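Good morning, and thank you for making time for this presentation. Please have the sequence and the structure in view as I go through them.

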Amino acid sequence: VVDAKNLRYQLNSHKDSSSFPEAYNQIAFADVVILNKVDLVSSEDLGGGVEELEKEIHCINSLAWIVPTIRCQVDLSVILNCASYDGTRTSHLEALLKDNNSLSTTGLHDNSVRTMCLSKPGQVDLNKVRVWIEEILWEKKHSMDVYRCKGVLSVHGSDQLHTLQAVREIYEIVPARKWLEDENKINKIVFIGHSLNEDILADSFQDCLFQDQ
Ligand SMILES: Nc1nc2c(ncn2[C@@H]2O[C@H](COP(=O)(O)OP(=O)(O)OP(=O)(O)O)[C@@H](O)[C@H]2O)c(=O)[nH]1
């Protein structure tokens, strides 16, 4: 739950310190963000109203689904049972498959928590992807602090769309469903975290593509 009236203050409160406020972490890890107290903000407020706040939340986590509320009044059947981490249910990942769907953000402040989206055509070698993601998440090879990761993969030798999900060091790659005939078989991975380097991620992922010997 985000307090609409105080969000900006909470996000800015770290500017003079070396650590991030908890608000960044909570938004980065959220699947659903309840943006509460929207009756207390208006477009005349410094920095804009609810729309601006939604933009700021999406800058940190462009995968989050935002529900504006007053007194947290929300239909529970909408926000519960999202099955966001069920790798075999692709409904929450379908948006990733849409072309031209840019989810990357530049972050609110230099070096803050942000979303980065990697997109590559071709088929990947699953073993290479495992080594690649383990180097990033476990060995912190590129000094990136990845909070979460979600994506779809087109795996060589399989007609199944695979999903990749990670929370901190724990990750999972599983077959989810058959690729559809007319579907653009791509690899698309969204990273949410801190100190993300787009060029390094794109270059290193290139080595995961399957190559005929
Ligand atoms: N106008 C308005 N007031 C609200 C809303 N939600 C809560 N409040 C009031 O805001 C006051 C503080 O409530 P909260 O922000 O939920 O209280 P809190 O102590 O911060 O609660 P925690 O965040 O759980 O620690 C109470 O008087 C609530 O009735 C809202 O959407 N609109």
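Let me begin with a definition: a residue is called buried under 20% relative accessible area, exposed over 50%, and partly exposed in between, with a 1.4 Å probe and protein chains only. Helices (H or I, at least four residues) and strands (E, at least two) are DSSP runs, numbered from the N terminus. The model is a predicted one, in which local features need pLDDT of at least 70 and side-chain atom pairs count only at pLDDT 80 or more, while totals for chains, interfaces and linings use all residues. Residues are numbered from 1 along each chain as its sequence is written, and side-chain values use heavy atoms, with hydrogens and water left out.

I start with strand β4, residues 114–121. Of its 8 residues, 6 are buried, so β4 is largely enclosed by the rest of the structure. What does β4 pair with, and in which direction? Its partner is strand β8, residues 186–194; 8 bridges join the two, and they run antiparallel. For pairing, DSSP must find at least two bridges between two strands.

Thr115 belongs to β4 and stands opposite Ile192 in β8. Is Thr115 buried or exposed? Its relative accessibility is 0%, so Thr115 counts as buried. The side chain of Thr115 also takes part in polar contacts, that is, pairs of N or O atoms within 3.5 Å; within protein, one must be able to donate a hydrogen and the other to accept it, and residues adjacent in sequence count only if both atoms are side-chain atoms. A polar atom of this side chain lies 3.0 Å from the backbone oxygen of Ile60, and the side chain reaches the backbone nitrogen of Ser62 at 2.9 Å. Thr115 and Lys150 are 35 residues apart along the chain, with their C-alpha atoms separated by 11 Å.

The next point concerns an annotation. UniProt, in an unreviewed entry, places the feature "domain: CobW C-terminal" at residues 113–209. Such positions are given in the numbering used here, feature names are shortened, and annotations may be inferred rather than shown by experiment. Over residues 113–209 the chain is 22% helix and 45% strand, and the end C-alpha atoms are 28 Å apart.

Another antiparallel pair is formed by strand β6, residues 160–167, and strand β7, residues 170–178, joined by 8 bridges. Gln160 stands opposite Lys178 in β7. The hairpin of β6 and β7 has 2 residues between the strands, and Arg168 takes a positive phi there, near 55 degrees.

I turn now to the parallel sheet. It is open, with 3 strands in the order β1-β2-β3. Its edge strands are β1 (2–3) and β3 (65–68), each of which pairs on one side only. Strand β2, residues 32–36, is joined to β3 by 4 bridges, and the bridge partner of Val32 in β3 is Trp65.

Two loops deserve attention. Lys37 is found in the loop between β2 and α3 (50–60); its phi is near 65 degrees, a positive value in a residue other than glycine. With a relative accessible area of 32%, Lys37 is partly exposed. Cys72 lies in the loop between β3 and α4 (76–79), has a positive phi near 55 degrees, and counts as partly exposed at 33% relative accessibility.

Finally, the ligand. Which residues surround the ligand? They are Asn36, Lys37, Asp39, Leu40, Ile70 and Arg71, where being near requires a heavy atom within 4 Å. This shell divides into 2 nonpolar, 1 polar and 3 charged residues; Ala, Val, Leu, Ile, Met, Phe, Trp, Tyr, Cys and Pro count as nonpolar, Asp, Glu, Lys and Arg as charged, and the others, Gly among them, as polar.

A polar side-chain atom of Lys37 lies 2.6 Å from an oxygen atom of the ligand. An N or O atom in the side chain of Asp39 is 2.8 Å from a nitrogen atom of the ligand. Arg71 places a backbone N or O atom 2.5 Å from an oxygen atom of the ligand.
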